[in-house]
Amino acid sequence: MALMTGDQYIESLRKLNTRVYMFGEKIDNWVDHPMIRPSINCVAMTYELAQDPQYEDLMTATSSITGKKINRFAHLHQSTDDLRKKVKMQRLLGQKTASCFQRCVGMDAFNAVFSTTFEIDEKYGTHYHDNFVKYLTYVHENDLVVDGAMTDPKGDRGLPPSKQPDPDVFVHIVEKRKDGIVVRGAKAHQTGSINSHEHLIMPTIAMTEADKAYAVSFALPSDAEGLFMIYGRQSCDTRKLEENADVDLGNKKFGGQEALVVFDNVFIPNDRIFLCEEYEFAGMMVERFAGYHRQSYGGCKVGVGDVVIGAAALAADYNGANKASHIKDKLIEMTHLNETLYSCGIACSCEGCETKAGNYQIDLLLANVCKQNVTRFPYEIVRLAEDIAGGLMVTMPSEKDFKSDMVVGKEGETIGEICNKYFAGKAEVSTEDRMRVLRFLENICLGSSAVGYRTESMHGAGSPQAQRIMIARQGNIEAKKGLAKNIAGIK
C-alpha cells in the first residue's frame, strides 16, 4: 500500500482492539480521549510530513528490503547520510510538535534487532534474521507504527532477573512449544505504546546463562490476546479534561504518552521470535539499541529546544524586556547549548560504520557523549526559559477567570476585565497572547510536556550513569596513555 496520511493513521487505530486502562477504568474509545489524543496527533504528524514534497527527502527513504518508498521511521540505515537525515528529521518533528512524536524507539529497535539477529544466526544457524526481515517487510508494506520496548520494571535493582522474588518484573519465557513460546511480564515507561500498531520487544540488560529465560526478543500486535496497557500519568494532565480547555493547556494539539505494557501469558509464534535464550547476545542488542536511541536525542530534544528558545524570546518581547542585555545573553546561551546537542547527534552519525548485516550504526562513544549532554543541557535551557518568562508563568489565574463576566469591582468591572487589565504587557500585544506563551512555557518546563523534554532527557535511553559506563568502555584510556608516553619519551 501507499504511505498513509495522518487521518488514515488515526482511523487505522480505531480498527485495533487495544486494551487500555486509565484511572482504574477501561477506556473503550481511547483514540478520542482528550488526554490521549494529543499524543496521537504527534504520531500523525510523522505521516503528514511524509506526504509533504518539501520534506520528502528527510521523511521518506527507499526500503532496502522491498525497494519501495517508505517512511524513514521504518528505515534500515544504509549509510552515514541516512544516519544524519534521521537526526535532521527528528529535529524537524520536534520543531513541529514541541513534544515527543514517539516513533524513534521503533526505528532504533529495527536497526538494533536487524544487525543482532544476523550475528546470532551466524553463530548458531538459527533463522531469527529471516524472521525479522519478513516482519519488517510486513511493517514496510503496511506503513505501520511499531513501539520498540526495552525497559522492564526490574524490581530489586541489586538482583539479576533469575534472582528476583517475582520473576514477572522482567519479561520472560514461561513455556516453549513447537509452534512458539508463551511470555509473561511487563515493559515500563513505554513511549507511544498505545498509539502503535505493533510492539517489538527486546531484553533490557546483558544476561548470563542463569537468566536465559529472560533473553527474548519478539514482535506482536498491540491488540494481541493477553496484552494490555495501563496509561501513565503526567503532570497537569487532567487540565485536558476541563471543559473548553485551550490557553491553560499550553500545547493544546500535541503531547507525549507513556504506559505500562503487560504480557499476561501471551503466545508468540515462531516466525515472530528474534531471540530465544541465546543470552550472550542480549547485551549486544541492548548496547546497539541504546546507541541508536542516544543518537536520537541529539535530534528530537533539539527540535523541542528550538521551540522553547522561541517561546522564551517571545515572552521577553511581550514583557517589554527583549532589549535587556542579560536577556539577549541568556538566549545566546540557550542557543549554544541546543546547538551543542545537535552537533553531537550529527557527529556520531558522520562517524557511523557498517554492521555485518549491512545496515549502519552510529559511533557508540559519540552517541553516549550526545546523550550525556542531553541529561544536562535541556534542564539548563528550561531554567533560563523560566528566568526570562518570570513568575507569572506559574501564578496567573485560569483561562476561565480571564473570560469571566462576573462583576466584582466597585466600578462594575468583571473578573475577566480585571485579569486582562493587570496582566497586560506591551500595549501592542494582547493579554491573551502573553498568557498563551507563558502557559506554553509552563507546559514544557513543568507540565505534561516536561515528561518528554526534561525527565525523558534524564532517563530515556538509559540514565546518566549508563552513558558514563559506556564512555568509560569506549574511551580507550590505554591508547591515550600510549600517546602520552610516546610524546613524553617514556619507554
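Analyst: Strands β10 and β11 pair in the antiparallel sense over five bridges (pairing requires at least two DSSP bridges between two strands; strands are DSSP E runs of at least two residues and helices H or I runs of at least four, numbered from the N terminus). Within this pairing, Phe228 has Val262 of β11 opposite it. This is a predicted model, in which local features need pLDDT of at least 70 and side-chain atom pairs 80 or more, while totals for chains, interfaces and linings use all residues. Residues are numbered from 1 along each chain as its sequence is written, and side-chain values use heavy atoms, without hydrogens and water.

β11, which covers residues 258-269, also pairs with β7, residues 180-191. Nine bridges hold β7 and β11 together, again in the antiparallel sense. Here Ala259 of β11 stands opposite Gln190.

For β10, residues 227-231, there is a further link to β1, residues 20-22. β1 and β10 run parallel and are joined by two bridges. In β10, Ile230 is the residue opposite Tyr21.

These pairings belong to an open sheet of six strands, ordered β2-β1-β10-β11-β7-β6, with mixed pairing. Its edges are β2 (25-26) and β6 (172-177); each of them has a single partner strand, so one side of each is left without a neighbour in the sheet.

Another open sheet is built from four strands in the order β5-β8-β9-β12, and its pairing is mixed as well. At its edges stand β5 (146-149) and β12 (273-276), each with a single partner strand, so one side of each has no neighbour in the sheet.

Leu200 has Ala219 as its bridge partner in β9. Helix α5, residues 104-124, packs on the sheet and touches β5, β8, β9 and β12, contact being heavy atoms within 4.5 Å. The direction of α5 makes about 65° with that of β5 (axes are fitted to C-alpha atoms, for helices over the stretch in contact; angles between N-to-C directions run from 0 to 180 degrees).

Helix packing comes next. α8 (residues 325-350) packs with α9 at an angle of about 165°, and their axes are 8 Å apart. That angle makes α8 roughly antiparallel to α9 (roughly parallel is under 35 degrees, roughly antiparallel over 145, roughly perpendicular 65 to 115, and the rest oblique). From α8, the residues Thr340, Leu341, Cys344, Gly345, Ala347 and Cys348 meet Leu366, Ala367, Val369, Cys370, Asn373 and Val374 of α9.

Helix α9, residues 364-374, also packs with α7, residues 282-319. The angle between α7 and α9 is about 50° and their axes are 8 Å apart, which makes α7 oblique to α9. On the α7 side, Glu287, Gly291, Arg294, Gln295, Tyr297, Gly298 and Lys301 take part. They meet Leu364, Ala367, Asn368, Cys370, Lys371 and Val374 in α9.
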